[in-house]
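Let's take a walk through this structure together. Have a look at the sequence and the 3D view, and then we'll go through it piece by piece.

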Amino acid sequence: MTAHQELPELDPVIHAQARLRVVAALNTLGDGDELAFPALKELLGMTAGNLSVHLSKLEDAGYVRITKTHRGRTPVTYVSLTKRGRLAFEEYTKAIRALLDASGGIT
Amino acid sequence: MVDDDAVPGPEETLRLIEEQRAATVRRLKGDPLLFYAPWGTAWLIGFTAFFLHYGLDGRRYAPISQGQALPQLPPAEATLIWAGMSMLVVAVLYMAGGAIWLDWRMFFAGVWVAAVDTLGVLLGIGWHALLTAVLLGGGFIVMSLWLRRRG
């Protein structure tokens, strides 16, 4: 019973497979580093539309920063994880590990 | 894979995170197999040749012809200086790289090269060549495969 009360809550913004993968990918970048939208899209194997939807949800939560700029005449979009997003991902993985421990899963 | 609602269990989730991390690192930082294995292969071949040329106790197993770089010194000592210094530079560069990119595995590779190099220089040219071929040449090949498996 006590174990149930101690179970952490999972961040609903990250707790969806597609967004989890977005955040996990961006988390490998250094602080302040950005990834271009097409590169992220290709890396995750998502369609542009699908990725855009998830990115805007993450942006609304303040977890990612989306920078739109121009290189010459071509518009380019860069995506990066905010400090808040990084922290949220850290908390999320901590919570998942806690869940695993609580369920007596493999170490 | 992009189903919004399909959230796997905790074990599966951790595996997913790890897979994504590995795939991203491989893509952005390059394949570890290409990063370490070519050096390992080169050292394995080159230092095995040195080892066969000089042997462990002065008896040569398979002499090979080679240029004389430091004419003031006997060939064995000249070779040991060149080989020892070269590996020391490699060690320092790996340690510096590991420190700059905060990659402890790269830093450890540098420490490992420095340790084997130092031991080899103390033991003499034959041992230096043997240890470098096996522990550094072979070691880097094994490390690249291990890093690739782990991602």
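Asp60 of chain A counts as exposed because its relative accessibility is 68%, and exposed means over 50% relative accessible area, buried under 20%, and partly exposed in between (1.4 Å probe, protein chains only). You'll find Asp60(A) in helix H4 (residues 48-60) of chain A. Helices (H or I, at least four residues) and strands (E, at least two) are DSSP runs, numbered from the N terminus. In sequence, Asp60(A) sits 47 residues from Val13(A), yet in space the two are 9.7 Å apart, C-alpha to C-alpha.

A quick word on ground rules: this is a predicted model, where local features need pLDDT of at least 70 and side-chain atom pairs count only at pLDDT 80 or more, while totals for chains, interfaces and linings use all residues. Residues are numbered from 1 along each chain as its sequence is written, chains are lettered from A and ligands numbered from 1 in the order in which they are written, and side-chain values use heavy atoms, leaving out hydrogens and water.

Now for the sheet in chain A. It is an open one, with three strands in the order S1-S3-S2 and antiparallel pairing; two strands pair if DSSP finds at least two bridges between them. Strand S1 (35-36) and strand S2 (64-71) of chain A are the edges, each pairing on one side only. Helix H2 (residues 17-27) of chain A packs on this sheet and touches S1, S2 and S3 of chain A, with its direction at about 90° to that of S3(A). Contact here means heavy atoms within 4.5 Å, and the axes are lines fitted to C-alpha atoms, for helices over the stretch in contact, with angles running from 0 to 180 degrees between N-to-C directions.

How do the strands join up? S1(A) and strand S3 (residues 74-81) of chain A share two bridges: Leu35(A) partners Val79(A), and Ala36(A) partners Tyr78(A). S2(A) and S3(A) pair over eight bridges, one of which links Thr69(A) with Val76(A). These two strands form a hairpin with two residues between them, and Gly72(A) in the turn has a positive phi of about 65°. Six of the eight residues of S3(A) are buried, so this strand is largely enclosed by the rest of the structure.

Over in chain B, look for helix H3 (residues 75-100). Its buried residues include Leu80(B), Met87(B) and Tyr94(B). After H3(B) comes Leu102(B), with a positive phi near 50°.

Finally, see where the chains meet. The contact takes 28 residues from chain A and 20 residues from chain B. Together the chains bury about 2100 Å², 69% of it on carbon and sulfur atoms; buried area is the accessible area (1.4 Å probe) that two parts lose on being put together, summed over both. One salt bridge crosses the interface, defined as a side-chain nitrogen of Lys or Arg within 4 Å of a carboxyl oxygen of Asp or Glu. The side chains of Glu42(A) and Arg27(B) meet in a salt bridge at 3.1 Å, N to O.

Conventions
Expected span 1.5 Å × (residues − 1).
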